[in-house]
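Please look at the sequence and the structure below before reading on.

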Amino acid sequence: MDMIIDFPGGARVDAHFRGHTIQTDQPASGGGKDSASMPFEVFLASIGTCAGIYILGFCRQRGIPTEGIRIVQSHHANPATGMMEKINLEIQVPPTFPKQYHSALIRSADLCKVKKTLENPPKFEITTTEVAVA
């Protein structure tokens with residue numbers, strides 16, 4: 001799947017794919033209007049939402065309602081580099097959630113493709129190509 005990344009103005013940078021658009025912006029201090037999430041926030045959100053998809057699938061397969069289930073994701077950055085050193089995902093369930101499935105929820109979240117990609121990162125190749133503006 002290809003994505004087209006463009007620059008619609010200000011500090012906005014948008015990604016277009018499969019008929020969808022993810023809009024990003026920087027806070028005012030970065031020259032933007034803070035009209036959308038910052039790119040790094042979208043990246044972090046992809047981890048929790050991906051884990052959530054697997055939890056949702058687990059619950060649907062077993063007919064378990066997802067009301068009251070949520071993931072609290074917390075981030076721990078290295079103070080010197082600002083890079084993420086640890087990301088915690090806490091799956092919160094209501095008291096009515098079957099206790100025998102607690103560890104299975106963790107295993108389901110662990111299947112997240114975003115997490116697995118981070119654990120086995122791809123190689124990046126960045127090039128420049130001249131293209132006539134239409």
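Which residues make up the largest nonpolar core? This is a predicted model, in which local features need pLDDT of at least 70 and side-chain atom pairs count only at pLDDT 80 or more, while totals for chains, interfaces and linings use all residues. Residues are numbered from 1 along each chain as its sequence is written, and side-chain values use heavy atoms, with hydrogens and water left out.

**The core**
- The largest nonpolar core has 10 residues in all, namely Ala51, Ile55, Phe58, Cys59, Ile64, Ile69, Phe97, Ala104, Leu105 and Ala109.
- Such a core is a set of buried Ala, Val, Leu, Ile, Met, Phe, Trp, Tyr and Cys residues joined through side-chain atoms within 4.5 Å, where buried means under 20% relative accessible area (1.4 Å probe, protein chains only).
- The largest share of this core, 4 residues, comes from α1.

**The helix pair**
- Helix α1 (residues 39-62) packs with helix α2 (residues 102-109) at an angle of about 135 degrees, and their axes are 8 Å apart; helices here are DSSP runs (H or I, at least four residues), and strands likewise (E, at least two), numbered from the N terminus.
- The contact (heavy atoms within 4.5 Å) is made by Ala51, Tyr54, Ile55, Phe58 and Cys59 of α1 together with Ala104, Leu105, Ser108 and Ala109 of α2.

**A loop residue**
- Asp25 lies in the loop between β3 (20-24) and α1, and this residue is buried, with a relative accessible area of 1%.
- Although Asp25 and Asp14 are 11 residues apart in sequence, they are 8.4 Å apart in space, C-alpha to C-alpha.

Notes:
Axes are lines fitted to C-alpha atoms, for helices over the stretch in contact, and angles run from 0 to 180 degrees between N-to-C directions. Buried means under 20% relative accessible area, exposed over 50%, partly exposed in between (1.4 Å probe, protein chains only).
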